[in-house]
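Here is a short briefing on one protein chain. Look over the sequence and the model, then work through the points below.

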Amino acid sequence: MGLLIVLGLVVLFALWAVGIYNGLVMARNAYKNAFAQIDVQLQRRFDLIPNLVETAKAYLAHERGTLEAVTAARNAAQSGLAAAKAAPGDPAAMAELARTQGALDGALSRLLVTVEAYPELKASQNMMQLTEELTSTENKVAFARQAYNDSVMAYNNKREVFPSSVVAGMFNFAPAALLDIPADRAEVREAPKVQF
């Protein structure tokens, strides 16, 4: 009888530990899925940028440096995204992604300010459509980033509270990093505003 009670307690403990482990796995998968949504929106953004640059190129022939800066920033941002896709939640990868996206945001802002100085370009149907799509994509990126950060917070909370922290430590559930834009880059926090 005593052996049955001990065996029952061992089975209950094992089920409890499996439940905690599965909860941690589900939380980790949730933040990785949320990061995949950021990836989708950033890829859409990256696809829009060459069209935006090409459209502006005809009007901004003497603004070549601005156009090249946008292209270079786009390429760097794509590299940052590739590194983050390889390790979503990794602090170094998330910091690099935030840095490269911030640089791209700055280059795009400079391009859009330059466009403002050219009424013909600003009035171009193609440019209006592209900037509208870019603004829409910027909003989707912001929503995807918020969903990712919420998922990371839920995962980190789950792995840090007792008794989950014991299971998380036994199975090496590492903390995940938020995707945050540095506070000293306040101009990057807003999506580019385009007015016609």
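**A buried leucine**

Leu179 counts as buried because its relative accessibility is 7%, and the cut-off for buried is under 20%. The model is a predicted one.

**Around Leu179**
- Leu179 sits in the segment after helix 6, which spans 164-170.
- Which residues does Leu179 contact, leaving aside its neighbours within four places in sequence? They are Ile38, Met94, Leu97, Ala98, Arg145, Tyr148 and Asn149.
- Ala95 is 84 residues away from Leu179 in sequence. In space, their C-alpha atoms are 7.3 Å apart.

- Val11 has 43% relative accessibility, so it counts as partly exposed.

**The whole chain**
- The protein chain has 6 helices and 0 strands.
- Its radius of gyration is 23 Å, well over the 16 Å that the globule rule gives for 196 residues, so the chain is more spread out than a compact globule.
- Along the principal axes, the C-alpha atoms fill a box of roughly 90 × 25 × 25 Å.
- Of the 196 residues, 40% count as buried.
- Among contacts with a separation of 6 or more, 80% join residues 24 or more positions apart.
- The chain exposes about 10,900 Å², and carbon and sulfur atoms supply 61% of that area.

Definitions and conventions
Residues numbered from 1 in each chain as written. Predicted model: local features only at pLDDT ≥ 70, side-chain atom pairs only at ≥ 80, totals over all residues. Heavy atoms only, no water. Helix = DSSP H or I, 4+ residues; strand = E, 2+ residues; numbered from the N terminus. Buried < 20%, exposed > 50% of the residue type's maximum accessible area, 1.4 Å probe, protein only. Contact = heavy atoms within 4.5 Å. Rg over C-alpha atoms; globule rule 2.2 N^0.38 Å. Areas by Shrake-Rupley, 256 points an atom, 1.4 Å probe, with all protein chains shown as cover.
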